[in-house]
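Let's take a friendly walk through this model, one stop at a time. Please keep the sequence and the structure side by side as you read.

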Amino acid sequence: MANVAVVGAQWGDEGKGKIVDWLAERADMVVRFQGGHNAGHTLVVDGTTYKLSLLPSGVVRGTPSVIGNGVVLDPWHLKDEIERLAKQGVVATPETLRIADNCALILPLHGELDGLREDASGAGKIGTTRRGIGPAYEDKVGRRALRVCDLAHLDAIGPQLDRLLAHHDALRAGFGAAPIDRAALVAALEAIAGFVLPFAKPVWRDLGEARSRGRRILFEGAQGVLLDVDHGTYPFVTSSNTIAGTAAGGSGLGPGAVGFVLGIAKAYTTRVGSGPFPTELYDDTGERLGVRGHEFGTVTGRKRRCGWFDAVLVRKSAEVSGITGIALTKLDVLDGFDEVRICTGYRLRGQDLDYFPSHAADQAAVEPVYESMAGWDQSTAGARSWADLPAQAIKYIRRVEELIRCPVTLVSTSPERADTILVRDPFAD
């Protein structure tokens, strides 16, 4: 049986939460391998809505869940999210949730720096969530980060703090902000350490043992491939690699552990925040997609920008992430359109392109080339088999497959986990 890695094939918000929850019931472990609490996963289970941003989606089902070393962890948000879920009857314990003890920490100073930078950027804002994810990754690669394991040795973090605060105080001075209150930071860490440490483990050992015993492991990514720091619409990207290859390094397992790669893509396209978006619609059609799709960010509440499906970008995501099959979500949002359109290429200053260029100026200047198809009047909402789908909807799915050069493995027709059409079982490969 294959292990499965789930990644977003667009700019995030593709519906990964539901698909991961659907798969988690059949997995033995679920692992988050990158990102921070800037992710937003919404699960609807038996009519109850659960909103996650840091915890792996498996926690709702009670599937043993892991926060891998590739994640940057805000310990205060972790506590808040665990306590909020507990009020909904989902209890995370050290037996059901494990955190890599070598995770880098997000500290209050990271969120403050995030905000200072965005406020000073004016029109050049990247549109971060201001939650400190980028600055935390910077400190990690700069070898000055505090990690989860340091919470057990706070009496010895003096030299690490010296290095960290020397860097941040210099940055803050440039923005006219006061130096960091060292004593207050240490006191906050001392107060949260007792909550976090029971969950801290060398999770690479647990995952290695699970793999050797033939357990099914589900790797859960955050954001989307088009926000990858290397392969996305730079600089309007996140601060980590969101491609499936990161599942290995971000969990502590070798690349051979990642089997089936499931990419999640909406039947149309959305984006939150700044950055290029070739198929964005500014008309009534874009508004209709947003209203019907309830397009507001899980984490930020920001309204999402909406547009037609971009086959060129999803094809790129499939190639750079090694996607085996696509889960096509929110097909029902397209119900009732007289015409649906798919972007099949671009025109840039009179030249035809079959790929998305790397430079930001070129990305902003491309014009989409569309192919139009007849829409369908019948509802696809709640469909659970091909027989429930209108013929024209099936035609749309088949054309998407051709254009992205990747088969559709699952089709999602509502937020409810049961409203899913299984074409090919990822775990069976």
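Glu-401 sits in helix 12, which spans residues 391–404; helices here are DSSP runs of H or I with at least four residues, numbered from the N terminus. Glu-401 is buried, its relative accessible area being 14% (buried means under 20%, with a 1.4 Å probe and protein chains only). Leaving aside residues up to four places away in sequence, Glu-401 touches Cys-406, Pro-407 and Val-408, where contact means heavy atoms within 4.5 Å.

A word on the source: this is a predicted model, in which local features need pLDDT of at least 70 and side-chain atom pairs count only at pLDDT 80 or more, while totals for chains, interfaces and linings use all residues. Residues are numbered from 1 along each chain as its sequence is written, and side-chain values use heavy atoms, without hydrogens and water.

Now turn to helix 3 (residues 108–121), which packs against helix 5 (residues 158–174) at an angle of about 25°, with the axes 11 Å apart. Axes are lines fitted to C-alpha atoms, for helices over the stretch in contact, and angles run from 0 to 180 degrees between N-to-C directions. Helix 3 and helix 5 are therefore roughly parallel (angles under 35 degrees). On the helix 3 side, the contact uses Leu-109, His-110, Glu-112, Leu-113 and Arg-117; helix 5 brings Leu-164, Leu-165, His-168, Leu-171 and Arg-172.

Helix 3 also meets helix 4 (residues 133–141): their axes come within 7 Å and cross at roughly 115°. Here His-110, Leu-113, Asp-114 and Arg-117 of helix 3 face Ile-133, Pro-135, Ala-136, Glu-138 and Asp-139 of helix 4.

How values were computed:
Helix = DSSP H or I, 4+ residues; strand = E, 2+ residues; numbered from the N terminus. Parallel < 35°, antiparallel > 145°, perpendicular 65-115°, else oblique. Buried < 20%, exposed > 50% of the residue type's maximum accessible area, 1.4 Å probe, protein only.
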